[in-house]
Amino acid sequence: MTEETHLKDKLEQLVRLQEIDNRVVILRSEATRIPEKIETARKSLVDTQGQYSQSHTEWESCQQRKRDKERDLEACEDRLSKVRNRQNEVKTNKEYQAHLQEIESLKVEKGRVEEELLLLMEQMDVCKRKETELAQTVQSVEQKFKTEQQQLEKQSERLKAELGVVEKERESISPGIDPMLLKKYEKIKSLHREWAVVPIRNGSCGGCHMNVPPQMIAEVRARERILTCSQCQRILYWPSSVEQDAVINEAGSPQAPAASS
């Protein structure tokens, strides 16, 4: 095996390890967000249930006030009846005028209570409609939450399973990488999080996008030794002609396919 081929293999191993590491990060991040998504969905349900509970409390309060007003009305009617029954006891004109005034006062009070009771019954109709609508909404949101929770839990299981496979692959690859090179890779990755091994694209580092000196480009292409970008310290490799046409990935970072000649 030539030195160039040997170096090519080392770079391919690092690029593959990097792909695995980045996949692990993505899977763990997605798995971490699932409980948060479940709690967000649960909060929506709890909020809706709270609105229903408040509406039901308002309905019960209206019922209690209605019963109170009905008792007030009954008391007014009872007092009015008793006053009217005392008419035969009136002896003087002054007493008669006072008697009529008391009756009129009780009629006014009764009318006021009847009006308040009517308004309260209208309010109860509104409360009841609101409570019914919210009860239907709660039922709908509960079903939506259960469905979403089940989907997220299934997704969590899939992520855990995939993460297990990817982590095992990393365990199988790591021992075959040169320890010093692996240590260098880990150090660079700790600084840049995602991309420690990047291709040269259009004369620039695929990581920091700074220009790479022509002499260094020539050395990278020759694969005589491992070289790093003088600006960001990432490990550089020369991509194939197909890779030269690759573009920045969705995250704004360079794709890092396996190194080839």
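What follows is a conversation about how each label is reached.

Mentor: This is a predicted model, in which local features need pLDDT of at least 70 and side-chain atom pairs count only at pLDDT 80 or more, while totals for chains, interfaces and linings use all residues. Residues are numbered from 1 along each chain as its sequence is written, and side-chain values use heavy atoms, with hydrogens and water left out.

Trainee: What pattern does the chain follow along the sequence?

Mentor: The pattern is α-α-α-β-β-α-β-β, with four helices and four strands in the chain; helices (H or I, at least four residues) and strands (E, at least two) are DSSP runs, numbered from the N terminus.

Trainee: Why is Val-113 called buried?

Mentor: Buried means under 20% relative accessible area, exposed over 50%, and partly exposed in between, with a 1.4 Å probe and protein chains only. Val-113 has a relative accessible area of 3%, and therefore counts as buried. Val-113 is found in helix H2 and, leaving aside neighbours within four places in sequence, is in contact (heavy atoms within 4.5 Å) with Lys-69, Asp-72, Leu-73 and Cys-76.

Trainee: Is Ser-174 buried or exposed?

Mentor: Ser-174 has a relative accessible area of 13%, which is under 20%, so Ser-174 is buried. The place of Ser-174 is in the loop between helix H2 (93-173) and helix H3 (179-192).

Trainee: What makes the approach of the Ser-174 side chain to Arg-170 a polar contact?

Mentor: A polar contact is a pair of N or O atoms within 3.5 Å; within protein, one must be able to donate a hydrogen and the other to accept it, and residues adjacent in sequence count only if both atoms are side-chain atoms. The side chain of Ser-174 reaches the backbone oxygen of Arg-170 at 2.9 Å, which means that the distance is within the 3.5 Å limit.

Trainee: Which residues touch the most other members of the largest nonpolar core?

Mentor: Of its 28 residues, these are Leu-14, Ile-177, Tyr-185, Val-197 and Ile-235. A nonpolar core is a set of buried Ala, Val, Leu, Ile, Met, Phe, Trp, Tyr and Cys residues joined through side-chain atoms within 4.5 Å. The elements that give two or more residues to this core are helix H1 (3-85), H2, H3 and strand E4 (235-237), and H1 gives the most, with 12 residues.

Trainee: How do you know that E1 and E4 pair?

Mentor: Two strands pair if DSSP finds at least two bridges between them; strand E1 (residues 197-201) and E4 have three bridges in the parallel sense, and therefore count as paired. Val-197 has Ile-235 in E4 as its bridge partner. The open sheet of four strands has the order E2-E1-E4-E3, with mixed pairing.

Trainee: What makes Lys-128 a charge over the ring of Trp-59?

Mentor: A charge sits over a ring if NZ of Lys or CZ of Arg is within 6 Å of the ring centre and within 35 degrees of the ring normal. Lys-128 lies over the face of Trp-59, at 4.8 Å from the ring centre, so the distance is within the 6 Å limit.

Trainee: What is the phi of Asn-202, and why does Asn-202 count as exposed?

Mentor: Asn-202 has a positive phi of about 50° although it is not a glycine. Most residues other than glycine have a negative phi. At 75% relative accessibility, which is over 50%, Asn-202 counts as exposed.
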